[in-house]
Amino acid sequence: MRMIPAHTSTLAILTLNMQGTMLATASEKGTLVRIFDTQTCLLLYELRRGTNKARVYSVAFNRLSSLLTLTSDSKTLHIFALDGKSKSRSVTKHTLSSALPSVCCFGSEENTVIVISSTGFYFKIRWNDKGETFKEEQFKYLMMTDD
């Protein structure tokens, strides 16, 4: 039996890439994201989200598994390159307007990430080759009711 030595503290989130060949994990501490090969259980990447504890809300691979994005309660969206050469720090990050729970994924357009918050806000974030980010779109798509 193979075993993935993910984290010493409790796991908070698990995400597979589209091919099922890579597993991203984050613990309750939320400082590190580790990516493992699902066939060999070997650690491929250790990505530093930050040094302060944070709750990771969402983690997603892009279609080619060359990038990973995440959101957390530290009001940040991080984007990491999975090229084997980059440092374990994020390639770029974007400050979100709130620390509310959210989900994120890569957009269909190059260098875009979509974030949807639990309060019904949609954000499209774009970054350039310099790592600068900007909010390209924002709108509220849900009306919250008391049902």
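Reader: Which residue in β10 is the bridge partner of Cys-105?

Author: In this model, which is predicted, the bridge partner of Cys-105 in β10 is Ile-114. That bridge belongs to the pairing of strand β9, residues 102–106, with β10, and the two strands pair in the antiparallel sense over five bridges.

Reader: How many residues lie between β9 and β10 in their hairpin?

Author: There are five residues between β9 and β10, and in the turn Asn-111 has a positive phi of about 60°.

Reader: How many of the residues of strand β10 are buried?

Author: A residue counts as buried when its relative accessible area is under 20%. In strand β10, which covers residues 112–117, five of the six residues are buried, so that the strand is mostly covered.

Reader: How should I read a strand such as β6, and how many of its residues are buried?

Author: Six of the six residues of strand β6, residues 67–72, are buried, so this strand is largely enclosed by the rest of the structure. Leu-67, Thr-69 and Thr-71 point one way from β6, while Leu-68, Leu-70 and Ser-72 point the other way, and all of them are buried.

Reader: Which strands are joined to β6 by bridges?

Author: Strand β5, residues 56–61, runs antiparallel to β6 and is joined to it by five bridges, and in β6 the bridge partner of Phe-61 is Leu-68. Five bridges also join β6 to strand β7, residues 76–81, again in an antiparallel arrangement, and here Thr-69 has Ile-79 in β7 as its bridge partner.

Reader: Which residues take a positive phi in the hairpins on either side of β6?

Author: In the hairpin of β5 and β6, with five residues between the strands, Ser-65 takes a positive phi near 60°. In the hairpin of β6 and β7, with three residues between the strands, Lys-75 takes a positive phi near 65°.

Reader: What describes a pair of aromatic rings, and how many such pairs does the structure hold?

Author: An aromatic pair is described by how far apart the ring centres are and by the angle of the planes. The structure holds three aromatic pairs. In one of them, the rings of Phe-106 and Trp-127 have their centres 6.3 Å apart and their planes at 70°, so the pair is edge-to-face. Because Phe-106 lies in strand β9 and Trp-127 in strand β11, this pair ties together parts that are 21 residues apart in sequence. Both Phe-106 and Trp-127 are buried. The rings of Phe-121 and Phe-123, by contrast, have their planes at 20° and their centres 6.2 Å apart, so that pair is stacked.

Reader: Are Phe-121 and Phe-123 buried or partly exposed?

Author: Phe-121 is partly exposed, with a relative accessible area of 27%, whereas Phe-123 is buried, with a relative accessible area of 6%.

Reader: What is the volume of the largest pocket, and which residues are the closest to its centre?

Author: The largest pocket has a volume of about 400 Å³. It is lined by 19 residues, of which Asn-62, Leu-67, Glu-110, Asn-111 and Trp-127 are the closest to its centre. By type, the lining of the largest pocket divides into six nonpolar, eight polar and five charged residues.

Note on methods:
Residues are numbered from 1 along each chain as its sequence is written. This is a predicted model: local features need pLDDT of at least 70, side-chain atom pairs count only at pLDDT 80 or more; totals for chains, interfaces and linings use all residues. Side-chain values use heavy atoms; hydrogens and water are left out. Buried means under 20% relative accessible area, exposed over 50%, partly exposed in between (1.4 Å probe, protein chains only). Helices (H or I, at least four residues) and strands (E, at least two) are DSSP runs, numbered from the N terminus. Two strands pair if DSSP finds at least two bridges between them. On a 1 Å grid over the protein atoms alone, a cavity is a set of points where a 1.4 Å probe fits but cannot get out, and a pocket is an open set with protein on both sides within 12 Å along at least five of seven lines; lining residues have an atom within 4 Å of a point. Grid points are joined across faces, edges and corners, and a volume is the space filled by probe spheres set on the points. Ala, Val, Leu, Ile, Met, Phe, Trp, Tyr, Cys and Pro count as nonpolar, Asp, Glu, Lys and Arg as charged, and the others, Gly among them, as polar. Rings of Phe, Tyr and Trp (its six-membered ring) pair if their centres lie within 6.5 Å; planes under 30 degrees apart count as stacked, over 60 as edge-to-face and the rest as tilted.
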